[in-house]
Amino acid sequence: MATTEQVRRVALSLPRTTEGLVRDRVKFRVGPIVYLAISPDDTRLGFGYPKEQREALIASDPVKFSLPGKADLRYHWAVAQLAELDRVELAELVLDAWCIVVSAKTSAAYLAQLPEDWSSAVYRD
């Protein structure tokens with residue numbers, strides 16, 4: 001089960017990420033572009049995800065993943081139930097969403113220097 005604090009820890013470990021509160025939602029962004037949003041009740045995580053791959057993601061596990069609300073369907077966005085995600089899967093979703101909003105050069109440089117066990121290491125104190 002993933003938590004808001006775990007989302008925060010992973011997101012804030014990524015370069016250029018800032019956290020903000022918008023209409024009772026914790027959001028993480030790079031510059032003006034939001035790539036993660038946590039629902040006010042801390043149960044759902046909205047995250048950047050390619051529109052053309054959303055249906056396959058949701059079909060892979062409809063309990064875990066869903067479409068965003070009607071107003072957000074036009075964006076590259078999907079939603080996950082935090083209770084259904086483990087820590088490693090959460091870290092991978094956050095990293096992938098971050099890669100969508102930064103330049104290809106920035107993401108490639110960052111990914112090249114990550115240790116193999118990054119998704120587990122990010123949680124160590």
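Predicted model: local features only at pLDDT ≥ 70, side-chain atom pairs only at ≥ 80, totals over all residues.
Asp 42 lies in the loop that joins strands S3 and S4. With a relative accessibility of 42%, Asp 42 is classed as partly exposed. Its backbone has a positive phi of about 60°, although Asp 42 is not a glycine. Most residues other than glycine have a negative phi.

Ser 39 belongs to the loop between strand S3 (33-38) and strand S4 (44-48). Its relative accessible area is 2%, and because buried means under 20%, Ser 39 counts as buried. The side chain of Ser 39 has a polar contact with the side chain of Asp 41, at 2.6 Å. The side chain of Ser 39 also reaches a backbone atom, the nitrogen of Thr 43, at 3.2 Å. When residues up to four places away in sequence are not counted, Ser 39 touches Arg 25 and Arg 44.

The bridge partner of Arg 44 in S6 is Gln 81. Strands S4 and S6 pair over five bridges, in the antiparallel sense. S6 also pairs with strand S5 (residues 65-66), again in the antiparallel sense, over two bridges. Here Phe 65 has Ala 80 of S6 as its bridge partner. Strand S6 itself spans residues 77-81, and four of its five residues are buried, so the strand is largely enclosed by the rest of the structure.

Helix H4 comes next. H4 covers residues 104-113, and its buried residues include Thr 106, Ser 107 and Tyr 110. These residues lie on the same side of H4 because they cover an arc of only 95° around the axis. On the face turned away from that buried side, H4 carries the exposed residues Ala 104, Lys 105 and Ala 112.

A further positive phi is found at Arg 16. This residue is in the loop between helix H1 (4-12) and strand S1 (17-22). Phi of Arg 16 is near 70°, a positive value in a residue that is not glycine. What is the relative accessible area of Arg 16? The value is 56%, and Arg 16 is therefore exposed, since the class begins over 50%.

Note on methods. Residues numbered from 1 in each chain as written. Heavy atoms only, no water. Buried < 20%, exposed > 50% of the residue type's maximum accessible area, 1.4 Å probe, protein only. Polar contact = N/O pair within 3.5 Å; in protein donor to acceptor, adjacent residues only side chain to side chain. Contact = heavy atoms within 4.5 Å. Arc of directions from axis to C-beta. Pairing = 2+ DSSP bridges.
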